[in-house]
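Please walk through this model from its overall fold down to a single side chain, keeping the cut-offs behind each term in view.

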Amino acid sequence: MKSSLPALVVLPRVFQVTTHQMAWSVTLFLLFFSIMQPIWAIASEYMGRKPVIVIALIIAILGCICSLFSTNLPMYLLGRSLEGIGTA
């Protein structure tokens with residue numbers, strides 16, 4: 001998450017949105033991060049740690065790719081949400 005915070009100044013110009021709309025990327029990341037922590041914990045008890053870590057890593061990578069190639073704000077927010085899910 002640290003790497004996207006300095007970009008919050010530049011990204012509104014790229015996506016042609018307001019700074020307040022861009023701040024949703026941090027909010028969604030933290031929201032999904034906090035929601036998924038207990039879910040990943042329960043899943044790791046049933047499936048084991050390694051499969052859960054692999055699944056979470058794949059989701060986080062998909063989120064990074066989605067954010068990287070996003071052309072509009074909703075696609076970027078989807079990517080940040082996936083990053084939050086995967087990095088929890």
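This is a predicted model: local features need pLDDT of at least 70, side-chain atom pairs count only at pLDDT 80 or more; totals for chains, interfaces and linings use all residues.

Residues are numbered from 1 along each chain as its sequence is written, and side-chain values use heavy atoms, with hydrogens and water left out.

The protein contains 5 helices and 0 strands, where helices (H or I, at least four residues) and strands (E, at least two) are DSSP runs numbered from the N terminus. Read from that end, the order of elements is α-α-α-α-α, and the C-alpha trace spans about 45 × 20 × 20 Å along its principal axes. Of the contacts (heavy atoms within 4.5 Å) between residues at least 6 apart in sequence, 57% join residues at least 24 apart.

Of the 88 residues, 34% count as buried, that is, under 20% relative accessible area, with exposed meaning over 50% and partly exposed lying in between (1.4 Å probe, protein chains only). The protein exposes about 5,800 Å², of which carbon and sulfur atoms supply 73%; such areas come from the Shrake-Rupley method with a 1.4 Å probe, and for residues only the protein chains shown count as cover.

On this surface, Leu57, Ile61, Ile65, Leu68, Phe69 and Met75 make a nonpolar patch of about 600 Å². Helix H4 (residues 49-68) gives the largest share of the patch, 4 residues. Phenylalanine 69 lies in the loop between H4 and helix H5 (73-87), and counts as exposed because its relative accessibility is 56%.

Technical notes
Patches are made of residues with over 30% relative accessible area and no salt bridge: like charges are joined within 9 Å, nonpolar side chains (Val, Leu, Ile, Met, Phe, Trp, Tyr) within 5 Å. A salt bridge is a side-chain nitrogen of Lys or Arg within 4 Å of a carboxyl oxygen of Asp or Glu.
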